[in-house]
Amino acid sequence: MTFVDDYPEVARLTRWHFAVAFVALALGGFFGLLQALYRTNTLRSLLPINASQYYTVLTGHGVLLALVFTTFFICGFFLWAVTRSLDRPMSNPKLAWLGFGSMFVGTALAAISILNGFAPGLPFDSADVLYTFYVPLKASPAFYVGAALLIVGSWIVGVEYFMMYRDWRRENPDSRIPLQTFMVLTTFIMWYLSTLGVAIEVVVFLIPWSLGWISEIDPLLTRTLFWYFGHPVVYFWLLPGYLAWYTVLPKLAGGRLFSDPLARVVFVLFVLLSTPVGFHHQYVDPGIAEGFKFIAMTNTMMLLLPSLLTAFTVVASLEHGARQRGGKGYLGWLRALPWDKPAFSGMALAGLMFAAGGFSGMINAGMNINYLIHNTLWVPGHFHLTVGTAFALTAMASAYWLYPQLTGKRLQHRRIAMAQPYVWFLGMTLMSNAMHRGGLAGLPRRTAKPLFGDAGAGAFDPVLGSIAEMQLQIAIGGTLLFLGLAMFLVVMLGTWLSRRGAGQLRVNGSIPAPLSGADDGPRVLDNLRLWAAIAVVLVVIAYGLPLWGMIENGILTPGSVPFPT
Ligand code: HEM
Ligand SMILES: [Cu+2]
């Protein structure tokens, strides 16, 4: 019996989420390849875009990957995790399908307006506003409505998780919350709290503005509402990765999770600390007092703690697994891990890259040193390690393990799958390393121009190597990444098209109990109401005064110069 036999409807809905996620990944990844080649002036004359369409491509890339791929994958993945760990079917399947439908319609609206940048004949106006969609850039109303429907849809799917939990709790009044469900619920508490900001931005300001109902917008207020959401969203991407690393990866390594209570502490810390940090994206914004930026910085640095705890717990679990498999020595045990299992190697390599991303993130978070890299290519260098690898490669690796369970079909093209995580890893090492260094040397992000050399500002002394060498690395790395993506899609497509029952599944969904179980930790960890309440208080402390300062002179008659004037 595999998951699809026990819970056919959950399996079907999860497959639908994955299908949309992977189509977005394919298209967004193709845009990524175009960007990597275009902005480095590699084979530019062969590419089907021009400089102004670069921003359409960039918007499509950011929206399809950072917002659409992630949200669909996560909502589907969490449906599986809650169902598996509570061992019960959906409470209200109609509601869950409604959430999926809302996300789907929203994505279609946003995607059509973005693609308008290539084909003006499509309905709606274009939306070259990048995935951060700040004013003064203005998109067609369809784009903003689409973004709102995507978020509202995820809220509705989230309600389903809580309903399943409620029904389970009624039958199990005294049990500890199963770990995967605990992780899903805490992640969604954080998601509800933080998406409020962007929802208000879009519904109260951007939609009326794009429809022409209001003519003035306070850029500072809307940027603040965006970044109120814009940092926690990175944990919305990351925590599902953690869920896989804590609960699936140790099993793949042949062992068990080291400590369940430690995992719960980590997720609680993310609920508390994820939201009151958004000002660290606004260090150079005028109109926010230094002190509030400083508080955001210290909060951000505290977020290192749960990530370091994760590194410790996951590595300890892997070592335990490796020793079960006969691994020996201080580091020799690493060789005993199943590096030829794509689900394992994908997650393990993703975790390794996340460590590097954590270091560049500390640079981003430092109020003073941030000025050095602000808006340079360093920034995409950083988040291709985090969301672009820690999340994306973990999602792909999870799919290798999960998709057979969701379909009853054996994973196809196993050799391609085996090599795929390594191709991604190599491509990302090249691209991201060169982006970080290019950023230090002053290469800006979000530009169609190759800059420097013959196309730009003339001679320039790079920190290390040369700009041309970095550009080449970005082009080669980006191409390898796209190859890695194509390999993933071949495996998934081949598996999708294959026949059920052809060969035994190589995976099973059982997850062994942790070495130290939930009962070793205090019960207060499971008090979700308490953590949610403290999180709200922290948000009020971090955001209350600065937000009040922005709106006390009127929401639509801002203190700073409005746009358009
Ligand atoms: C085939 C793999 C990929 C390639 C070749 C690629 C390439 C690039 C390049 C070159 C840029 C910088 C563009 C510029 O600033 O001018 C960029 C930006 C970006 N990438 Fe990727 N990327 C890939 C995968 C991903 C993945 C998997 C994600 C997230 C899940 C992602 C998220 C982003 C985001 C959010 C931006 C910033 C967009 C903006 O600044 O508006 N990328 N990518
Ligand atoms: Cu942030």
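Visitor: How many residues apart are Arg-323 and Glu-319 in helix H12?

Guide: Four, with both residues in helix H12 (residues 304-324), so about one helical turn separates them. This is a predicted model.

Visitor: What do their side chains do?

Guide: The side chains of Glu-319 and Arg-323 form a salt bridge, 2.7 Å from N to O.

Visitor: Buried or exposed, or partly exposed, for Arg-323?

Guide: Arg-323 has a relative accessible area of 34%, so it counts as partly exposed. Glu-319 is partly exposed as well, at 27%.

Visitor: Which salt bridge does Asp-260 form?

Guide: Asp-260 pairs with Arg-264, and their closest N and O atoms are 2.7 Å apart. Both residues sit in helix H10 (residues 260-273), four residues apart, about one turn of the helix. Asp-260 and Arg-264 are both buried.

Visitor: And Arg-437, what does its side chain meet in a salt bridge?

Guide: Glu-469, at 3.0 Å from N to O. Arg-437 belongs to helix H16 and Glu-469 to helix H17, so this pair ties together parts 32 residues apart in sequence. Arg-437 is buried, with a relative accessible area of 17%, while Glu-469 is partly exposed at 28%.

Visitor: Which residues do salt bridges with shared partners join into one network?

Guide: Arg-176, Asp-260, Arg-264 and Asp-526. The whole structure has ten salt bridges.

Visitor: Switching to the metal. What coordinates the copper ion (ligand 2)?

Guide: Three histidine atoms do: ND1 of His-231, NE2 of His-280 and NE2 of His-281, at 1.7 to 2.0 Å. Along the chain, the donors have the spacing H-x48-H-H.

Visitor: Why does His-280 count as buried?

Guide: Its relative accessibility is 8%, and the cut-off for buried is under 20%. His-281 has 24%, so it counts as partly exposed.

Visitor: Now ligand 1. How many residues surround it?

Guide: 26, and the closest are Arg-39, Tyr-54, His-61, His-384 and Arg-446. The shell divides into 15 nonpolar, eight polar and three charged residues.

Visitor: Where are the N or O atoms of Gln-35, Arg-445 and Arg-446 relative to ligand 1?

Guide: A side-chain N or O atom of Gln-35 is 3.4 Å from a nitrogen atom of ligand 1. For Arg-445, a side-chain N or O atom is 2.8 Å from an oxygen atom of the ligand. With Arg-446 the backbone is involved: an N or O atom there lies 2.6 Å from an oxygen atom of ligand 1.

Visitor: Which elements give two or more residues to that shell?

Guide: Helices H2 (8-38), H3 (53-86), H15 (378-407), H16 (414-440) and H17 (467-497).

How values were computed. Residues are numbered from 1 along each chain as its sequence is written. Chains are lettered from A and ligands numbered from 1 in the order in which they are written. This is a predicted model: local features need pLDDT of at least 70, side-chain atom pairs count only at pLDDT 80 or more; totals for chains, interfaces and linings use all residues. Side-chain values use heavy atoms; hydrogens and water are left out. Donors are N, O and S atoms within 2.8 Å of the metal (3.2 Å for Na, K and Ca); water is not among the atoms, so sites may look incomplete. Buried means under 20% relative accessible area, exposed over 50%, partly exposed in between (1.4 Å probe, protein chains only). A residue is near a molecule or strand if one of its heavy atoms lies within 4 Å of it. A polar contact is a pair of N or O atoms within 3.5 Å; within protein, one must be able to donate a hydrogen and the other to accept it, and residues adjacent in sequence count only if both atoms are side-chain atoms. Ala, Val, Leu, Ile, Met, Phe, Trp, Tyr, Cys and Pro count as nonpolar, Asp, Glu, Lys and Arg as charged, and the others, Gly among them, as polar. A salt bridge is a side-chain nitrogen of Lys or Arg within 4 Å of a carboxyl oxygen of Asp or Glu.
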